[in-house]
Amino acid sequence: MVVIANIQRGESIPKTDACPSNFGFHLFDHGTAITEIAVRKSTMTGLQNQYDLTVDRGDKQYMISLAENLSPHNFRQYVPILSNNGYLSDEVFETLLENTSAQKPVIATVLIANSPLPSEILDAVNNSTYLSNGHKKQINNYQNGENARVLLEYQISDIKQDIINIEGEIINNAINNDSIPEALTQAIGYFSSKSNAEISDALNVYNLTVMTDDFQAAENILSNLRNMSVNLSTEERDEVTTFCDINDIYLECIGDTMMIDILLSNKDFLFNAARSSSPLYSAMAEILYSYTTDSAFYEYTPIPFEIITPRSINIIDDANDETLSIFEVFPNPTKDVIYVEYDFSQIYDDATKMYLEMLGNEQKENCKFGKILIYTNDAKLLMEIPLENVFGTTQINMKNYVPGQYLLELIDCYGNIQVKKLSKK
């Protein structure tokens, strides 16, 4: 545990030592741990290669370009490429949803072909002001399960977590066996020798090096950390820099009985750092600040890593069917003649045909455009009228039929049916 010196007595600040284990001797084989990590890294490399080749067909900028330039002139060429079985990046999905030049059914076709969608993209679909409610409803009907790209990301994330857990065992072994120099040396050697070392690896090397009492080496690591932070975002760089500043103070104070002035001069800085939620330096700042107030506490906060959150599905209940045609009947009620106005232009549009094919609807054979059926109120068929044009107005004479209620059906060549009631005077 951390031993707090009484500054009022002029005693020195000791370094932070590991707490003795309460769980007895823990058998640990460093070599086995390294082997396990190597196996997992090999598996992760294979999955990462699969990810790089599969997601966006290995060329994100090209796929973004297709999504951005998708239009009525090229959709037959672009849609098969964009239909990548769910392996599209969020950037491609977002570009597609921002494209208001492409036909709505074409965008819906691409989204359905890549369903189930990632949760953020499904939310964007449901919040879209361009897509119609009917298309949103159909897209939501295909959201059972998990997105293929996200599943692959889960697999990679799980292996990363396994590696982090094993590395945690290496650190714990070094801390709990700090009386055995080999444990610390092996742990420092592992994290120092990692290829493509990250900030977290350098932090582990620093913390372990401090335990060896090699404070000059620890100072060199802090200097290296500052250099590594140059390529980080501003927020991350500031966090690492503050960590280094606090630990510079800590290293300067270790073993020196006259360092209370340094702590007092940095009291406000340490107080603000201690109040921070940063897992990198808040605990150390609390320890150093405690010396200036003659009180002590210690808490360890592990370095967090990104976790992929599960997908949620929002279903649109109030949605319109965008595949239905125009269908009007007038006058209604009527004494004899009625006019049926219809328009199949939308459903027989090439973009909608592609969309309907994606939904599994095929155009029936020997059907030119559709037909009108007239039934009695008890479902007896009275008349069937084939339609010869994609749109128009058909005149029907009801003069010879008795007054009462009738049903008119408009059926297109995909089997979509619309029904209207007719009153005969």
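Buried means under 20% relative accessible area, exposed means over 50%, and partly exposed is whatever falls in between (1.4 Å probe, protein chains only). By that rule Tyr 406 is buried, because its relative accessible area is 5%.

These close-ups come from a predicted model, where local features need pLDDT of at least 70, side-chain atom pairs count only at pLDDT 80 or more, and totals for chains, interfaces and linings use all residues. Residues are numbered from 1 along each chain as its sequence is written, and side-chain values use heavy atoms, with hydrogens and water left out.

**View A. Two of the aromatic pairs.** The structure holds four aromatic pairs. Rings of Phe, Tyr and Trp (its six-membered ring) pair if their centres lie within 6.5 Å; planes under 30 degrees apart count as stacked, over 60 as edge-to-face and the rest as tilted. Phe 330 and Tyr 339 are stacked, because their ring centres are 5.9 Å apart with the planes at 25 degrees. Phe 330 counts as partly exposed at 38% relative accessibility, and Tyr 339 does too at 32%. Now look at Tyr 401 and Tyr 406: their centres are 6.2 Å apart and their planes sit at 65 degrees, so this pair is edge-to-face.

**View B. Lysines over rings.** A charge sits over a ring if NZ of Lys or CZ of Arg is within 6 Å of the ring centre and within 35 degrees of the ring normal. Lys 104 has its charged end over the ring of Tyr 130, 5.4 Å from the centre. Over the face of Phe 327 you'll find Lys 420, at 5.5 Å from the ring centre.

**View C. Strand E6 and its neighbours.** Strands (E, at least two residues) are DSSP runs, numbered from the N terminus, and two of them pair if DSSP finds at least two bridges between them. E6 (404-412) runs antiparallel to E3, with seven bridges joining them; here Lys 371 has Ile 411 as its bridge partner in E6. Eight bridges join E6 to E7 (residues 417-424), also antiparallel, and Glu 409 has Val 419 as its bridge partner in E7. E6 and E7 form a hairpin with four residues between them, and Gly 415 in the turn has a positive phi of about 90 degrees.
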